[in-house]
Amino acid sequence: MKERYVDRLSRTDRDVILTLVPEGVTVLDLGCGDCSLLAELAAKRKIRGTGVDIRGDQLVDGLAHGFNVYQGDLDEGLADFPDNAYDYVIMNQTLQVVKNPLLVLTEMLRIGRFGIVGFPNFAQWRLRSGLFFGGRAPKSPALPFEWYDTPNIRVLSIRDFFDYCHRQSIQVTQERYLMAGRWLRRAPVTVTNLLAHIGLFVITRK
Amino acid sequence: MDRNSVGIVTPQKFTFGSAEDPMVLESGRTLGPVEIVYETYGRPDAERSNAILICHALSGNHHAAGYHDPHDPQTGWWDTMIGPGKAFDTRRYWVICANIIGGCKGSTGPLSIDPATGTPYGVNFPIVTVGDMVEAQKRLVDHLGITRLYSIAGGSMGGFQVLEWALRYPQMVRSAICIASAARLSAQAIAFNSVGRSAITRDPEWKAGAYNGKGPEHGLATARMVGHITYLSEMLLDSKFGRRLQSASRLSYNFATEFAIESYLNHKGSAFTQRFDANSYLYITKAMDYFDISRSYGPLKEAFAQVTARCLFVSYSSDWLFPTSQTKEMVRALLCNGKPVSFIEIDSPYGHDAFLVEVEKLSRIVTGFLSGVPQEVAP
């Protein structure tokens, strides 16, 4: 099967996340799947971690790696987890698929000191032009789905995210953008909002 | 006999205490001597560090895997989980299962002879608790030369024993697997146990517990019928039996056993009387009713602060006797204490019985968990 562009992207996401997580911290990975990100973080950054996913069958691999796993629905919140239980809470490529993103973001920063959030930028120029010139619901290599089968039910841009953080007194401490196949550390939001396929942010409470 | 079976097994016996030096029970009463019948599968390693204790539920016993007789096809109650290459892999682990005290399969219980009278205890047997059952298991584990269990696992009332072990002897439990269980028996479950006990004690053949021979078979069968309903889900009853009639094609207009579900429950009830003692049923259900971690160890959050084992909790989506919410209550209490705990809910139509019948998913989970126990990547 041909490798999907998004899968390749998520591979490079991982390399970036590895650089954002300090050595030896505790990590909660939301939407962890088979805990392969945690496994990589454990191997390279010596983290200790827990994985959360709604799919119990995926979590079995995490158990075998020695991680704690918790089967749960992010849309129901994470009330079973106490405040400040982890150093980092990671939610990569998951924000756009949850029904209740505000609850999830609030929970992230309640449970963790820092959050790492990665999501596709729906204001990227290809999507804009597809909508403007083609008159079609947005599609791109990073968002290859049709309107009827997309798991991405929350459509947000990088500017939307910054606005939200500002209103909620959330501080963005680090930012990374995937633009034209390369990851950039920093650029004006007018540029990133137009050119970035993916934004990846480290956030914390102000 | 399948290749993944532990093969022929022979139960063993261990006796401790005596009439002069008896075991002191939680109630304050004493019991002695105490006999424990148990089986082991696989081999201990040099340090005896690979032992896994399996705890059985209400109607289970020490015969968890393999065969007793080459001509008897009946295997142990968790044979699908225990054996070479299975979840509790007997090539790696030394697996032990003991009959609980108060039971009727060889360990000291109401059927045993009271040394004071020379006749069976009957209802003169002291009330035992889950704590007492664990205390007796602890004596066995000491006797076997085990200082720390690699793991301990059980479902339903077996899960109660797992929790009791993790709280009572935290330093002896490296990991714990608690399946379809709870921190206390719910009012609803006590209610069903109470109906079962009523059925037994109101049977004239019970004779205030002093029956000889068959005893209150009707009462015990009725108790089992009620119990069995609580082990299954509505969905399963519907798909397996529906409103189907057992043999006739038209209604009989009398009170004979008519629906397939009636016939099934009758069969389950009467089969149970062939293998279980009515007084023992009273004692064990009472022990379940008394189980309440908060009563013994304080509020869950405080109680679980002393747990050091890596814990795995499994629940089943259609289990209404020990629902997922009761499992999550324990998971939350452990998470609050920053304890290493995992939780998975298995999607299953089989109700509470799922832990015995639907083992494929459980096997994968347990296999993964046990292999991950030695790793130190969990916070």
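Predicted model: local features only at pLDDT ≥ 70, side-chain atom pairs only at ≥ 80, totals over all residues.
A:Arg113 lies in strand S5 of chain A and A:Asp87 in strand S4 of chain A, so the pair ties together parts that are 26 residues apart in sequence. Helices (H or I, at least four residues) and strands (E, at least two) are DSSP runs, numbered from the N terminus. With a relative accessibility of 44%, A:Arg113 counts as partly exposed; buried means under 20% relative accessible area, exposed over 50%, and partly exposed in between (1.4 Å probe, protein chains only).

Residues are numbered from 1 along each chain as its sequence is written, while chains are lettered from A and ligands numbered from 1 in the order in which they are written. Local features need pLDDT of at least 70 and side-chain atom pairs count only at pLDDT 80 or more, whereas totals for chains, interfaces and linings use all residues, and side-chain values use heavy atoms, with hydrogens and water left out.

Over all chains, the count comes to 18 salt bridges. One of these joins A:Asp83 to A:Arg110, with the closest N and O atoms 2.8 Å apart. This pair links distant parts of the chain, since A:Asp83 is in the loop between strand S3 (68-71) and S4 of chain A and A:Arg110 is in helix H4 of chain A, 27 residues apart. A:Arg110 is partly exposed, at 21% relative accessibility. In chain B, the side chains of B:Lys86 and B:Asp79 form a salt bridge (3.5 Å, N to O), and both residues are buried. A network of salt bridges links B:Glu26, B:Glu135, B:Glu164 and B:Arg168.

Helix H4 (residues 101-111) of chain A also holds buried residues, among them A:Val104, A:Leu105 and A:Met108. The elements that cover the buried residues of H4(A) include strand S1 (26-30), helix H6 (158-167) and strand S8 (198-205) of chain A, where contact means heavy atoms within 4.5 Å.

Between chain B and chain A, the contact takes 24 residues from each chain. The area buried between the two chains is about 2000 Å², of which carbon and sulfur atoms give 55%; buried area is the accessible area (1.4 Å probe) that two parts lose on being put together, summed over both. One salt bridge is counted between the chains, and the side chains of B:Arg332 and A:Asp80 meet in a salt bridge at 2.5 Å, N to O.

Within chain B, strand S5 (residues 51-55) is mostly covered, with five of its five residues buried. B:Ala51, B:Leu53 and B:Cys55 point one way from S5(B), and B:Ile52 and B:Ile54 the other way. In a regular strand the side chains alternate between the two faces of the sheet. S5(B) runs parallel to strand S8 (residues 94-98) of chain B, to which four bridges join it; two strands pair if DSSP finds at least two bridges between them. B:Leu53 has B:Ile96 as its bridge partner in S8(B). S5(B) also pairs in the parallel sense with strand S9 (residues 151-155) of chain B over four bridges, and there B:Gly154 is the bridge partner of B:Cys55.

How values were computed
Salt bridge = Lys/Arg side-chain N within 4 Å of Asp/Glu carboxyl O.
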